[in-house]
Amino acid sequence: MAIIAAGYITAGNPLIYGYGTTADASLADAMACLASAQIEIVDDDADTTDHHGHTLRRSDLHTHPATAALLALVEDRGGDCSWDVAGGVACTWDERANAEALVTAAVAVAH
């Protein structure tokens, strides 16, 4: 089973803050989510204590291609879910385990 991207997620490990069909849409969704939760995005060099409430450094946000199953999981349960990156694509833990099992089986057959 190949891990195939169907959209994108934007996350601050381990939470997924946004998702969308494009990287830009995912980032915009994440920014809207963070704003509605009153989490301020600060630049990496912002060492001030003038910020009120919760903050997140801009460099802590990462956008990844994502599988349809992970996008559906986020849609259904929100961004506090188990996920990983396999082959450069964010996926569910089950997808990663299935992909690894197929690779292991293929290697065993080859020997």
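**Figure 1. Overall fold and contact pattern of the predicted protein model.** Among contacts (heavy atoms within 4.5 Å) between residues at least 6 apart in sequence, 48% join residues at least 24 apart. The model is predicted, so local features need pLDDT of at least 70 and side-chain atom pairs count only at pLDDT 80 or more, while totals for chains, interfaces and linings use all residues. Residues are numbered from 1 along each chain as its sequence is written, and side-chain values use heavy atoms, with hydrogens and water left out. The protein has 3 helices and 7 strands, in the order β-β-α-β-β-β-α-β-β-α from the N terminus; helices (H or I, at least four residues) and strands (E, at least two) are DSSP runs, numbered from the N terminus. Of the 111 residues, 31% are buried, that is, under 20% relative accessible area, with exposed meaning over 50% and partly exposed in between (1.4 Å probe, protein chains only).

**Figure 2. The largest nonpolar core.** This core consists of 11 residues: I9, A11, I16, A66, L70, L71, L73, V74, C81, W83 and A90. A nonpolar core is a set of buried Ala, Val, Leu, Ile, Met, Phe, Trp, Tyr and Cys residues joined through side-chain atoms within 4.5 Å. Strand 1 (7-12) and helix 2 (68-77) are the elements that give two or more residues to the core, and helix 2 provides the largest share, 4 residues. Beyond residues up to four places away in sequence, V74 touches I16, Y19, G79 and C81. Another core, of 6 residues, lies apart from this one and includes Y17, L34, L56 and L61.

**Figure 3. Backbone features at P14 and Q38.** The peptide bond joining N13 and P14 is cis, with omega about 10°. P14 lies in the loop between strand 1 and strand 2 (15-20). Q38, a residue other than glycine, has a positive phi, near 60°. Q38 is placed in the loop between helix 1 (23-36) and strand 3 (39-42), and is exposed, with a relative accessible area of 64%.

**Figure 4. The surroundings of T67.** T67 belongs to the loop between strand 5 (62-66) and helix 2. Its relative accessibility is 2%, so T67 counts as buried. Leaving aside neighbours within four places in sequence, T67 is in contact with I3, I4, A5, A6, V89, A90, C91, T92 and E95. With E95, the side chains form a polar contact of 2.6 Å; a polar contact is a pair of N or O atoms within 3.5 Å, where, within protein, one must be able to donate a hydrogen and the other to accept it, and residues adjacent in sequence count only if both atoms are side-chain atoms.
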